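Try each task before you read the solution under it.

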Amino acid sequence: MTKPVNGFSKFTKEEKINWLITNYLQDFPNASKILRQYWNDDKELQELHDEFIENTITNYYLPLGIAPNFLIDDTLYAIPMAIEESSVVAAASNAAKFWLKRGGFKAEVISTEKVGQVHFMYQGNKEKLKTFFKIHKKHFFDDTEALTKNMRKRGGGITHIELVDKTEALANYFQLHCTFETKDAMGANFINSCLEQFSKTLVENAQHYSDFSSKEKQIEVVMSILSNYVPNCLVRASVSCPVSELNFKDYKGKEFAEKFCQAVNIAQVEPYRAVTHNKGIMNGVDAVILATGNDFRAVEAGVHAYAAKDGQYRSLTDAEIDEDGIFHFWIDLPLALGTVGGLTSLHPLVKMAMHVLKNPSANELMKIVAVAGLAQNFAALKSLTTTGIQEGHMKMHLMNIMNQFDATSIEKDQLIQYFTKHNVSHNTVVEQLKQLRGE
């Protein structure tokens, strides 16, 4: 029976691996060899990766691909994408190529406001609390002068602090709702540092406020933390062209555009469809977020909250045909991204990805990410409303199936040739491989 381990974090890397194999991988063939295969031969580079997180035992690889030909606001980009799913990079590339000849993508940053909150409990007269806040509001700014100095030099800082009464939702619950501008930094550490100082200022000033009773002075700060919901840190990406230019398979322009718009409309009203619709968008978004060293978990959480902002989960994209016969397709995304600090200044491949993207500002990266999401959604809906999603996806997945059964290069060539004219499924690939092997 496996027993709990004490002091695991203090083990050397070798000791951690030995413990893992002894307790959990005894019957896993070549466990030690596999873990070491993914180490980098450059010891300094490996040490850098080891120190990104805690209790590191090896590296976990994701493919890093390139989707070329993205014309965004008349600038041509090749977009790095880190993702393991077949067909995502190909779909983005195909969408980019299609819109390249139709004016490309347009993008605009609508707002860049980020949010943090001090959550606290107060038992007493609400009017007294409001008066206290008005009198002491300046202190919150004054007490964070040292923290905000460098950010203010770059044009950022604390933009607003508001007292919010949440007692209807939870007894005695109030918050300081604070907004920030963090320029090219994602700003998590900056925001959280400011919020923790706000909480100290709140408690200390309350204890010396003469109009509070002894009970009212005992404000309890529960937590101080940024929010990954950033509905006012918003970017829009769009494409448009005459419907006559939208001819695909057996569908002519107007017919295709109308069916495409209906697919988007369905995702606006049907949550079951909307979740999968938006997952496809995030295939493109997350791949660029990962490649550029940003926090895809934070982006995912914020984006999906935004998709449900009116009480029902809906599509992140919209589409319409205007009275002049022009097809419009666009996306609004809340994105809090950074191009300085964190992995962006540490990870060599992230640095390279940023260089490929022409070393964008945070606003420029917001545009690129939104465009990647829009392109992914266009490619997915184009397939869904014409040939169906599986035809293209399974052909891209063919390589994974062949690798699963250790197909040789000759066998791969023969199978690829065969499936240019036949539908791909797991079973048919296996059967065809058996035939090639005479089994």
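**Exercise 1. How many cavities of 30 Å³ or more does the structure hold, and which residues lie closest to the centre of the largest cavity?**

Start with the rule. On a 1 Å grid over the protein atoms alone, a cavity is a set of points where a 1.4 Å probe fits but cannot get out, and lining residues have an atom within 4 Å of a point. Grid points are joined across faces, edges and corners, and a volume is the space filled by probe spheres set on the points.

Now the count: two cavities reach 30 Å³ or more. The largest cavity has about 110 Å³ of space. It is lined by 17 residues, and those closest to the centre are Met186, Ser227, Asn228, Val230 and Ala336.

A word on what you're looking at: this is a predicted model, where local features need pLDDT of at least 70, side-chain atom pairs count only at pLDDT 80 or more, and totals for chains, interfaces and linings use all residues. Residues are numbered from 1 along each chain as its sequence is written, and side-chain values use heavy atoms, with hydrogens and water left out.

Next, the elements (DSSP runs numbered from the N terminus: helices are H or I with at least four residues, strands are E with at least two). Two or more lining residues each come from β4 (114-121), α7, β7 (220-227) and α10. The largest share, four residues, belongs to α10.

Ala, Val, Leu, Ile, Met, Phe, Trp, Tyr, Cys and Pro count as nonpolar, Asp, Glu, Lys and Arg as charged, and the others, Gly among them, as polar. That sorts the lining of the largest cavity into 12 nonpolar, three polar and two charged residues.

**Exercise 2. Which helix gives the most to the lining of the second largest cavity?**

Size first: the second largest cavity has a volume of about 50 Å³. Then list its lining, which is Thr112, Lys114, Glu181, Lys183, Cys233, Leu335, Leu337, Ala362, Asn363 and Met366. Helix α12 (residues 362-384) leads with three residues. Sorted by class, the lining has five nonpolar, two polar and three charged residues.

**Exercise 3. What is the volume of the largest pocket, and which elements give two or more residues to its lining?**

A pocket is an open set of grid points with protein on both sides within 12 Å along at least five of seven lines. The largest pocket has about 1500 Å³ of space. Its lining takes in 42 residues, and Phe52, Leu290, Gly293, Leu343 and His347 are the closest to its centre. The elements with two or more lining residues are α3 (43-50), α7 (188-207), α9 (271-291), α10 (296-307) and α11. By class, this lining has 24 nonpolar, 16 polar and two charged residues.

**Exercise 4. How far apart are the closest N and O atoms of Lys138 and Asp142, and how exposed is each residue?**

Two rules come in here. A salt bridge is a side-chain nitrogen of Lys or Arg within 4 Å of a carboxyl oxygen of Asp or Glu. For burial, under 20% relative accessible area is buried, over 50% is exposed, and in between is partly exposed (1.4 Å probe, protein chains only).

The salt-bridge count comes to 15. In the pair Lys138 and Asp142, the closest N and O atoms are 2.8 Å apart. They are four residues apart in helix α5 (residues 126-142), so about one helical turn separates them. Lys138 counts as exposed because its relative accessibility is 54%, while Asp142, at 33%, is partly exposed.

**Exercise 5. Which helix holds both Lys254 and Glu258?**

The side chains of Lys254 and Glu258 meet in a salt bridge at 2.4 Å, N to O. Both sit in helix α8 (residues 253-269), four residues apart, so they are about one helical turn from each other. Lys254 is exposed at 53% relative accessibility, and Glu258 is partly exposed at 37%.
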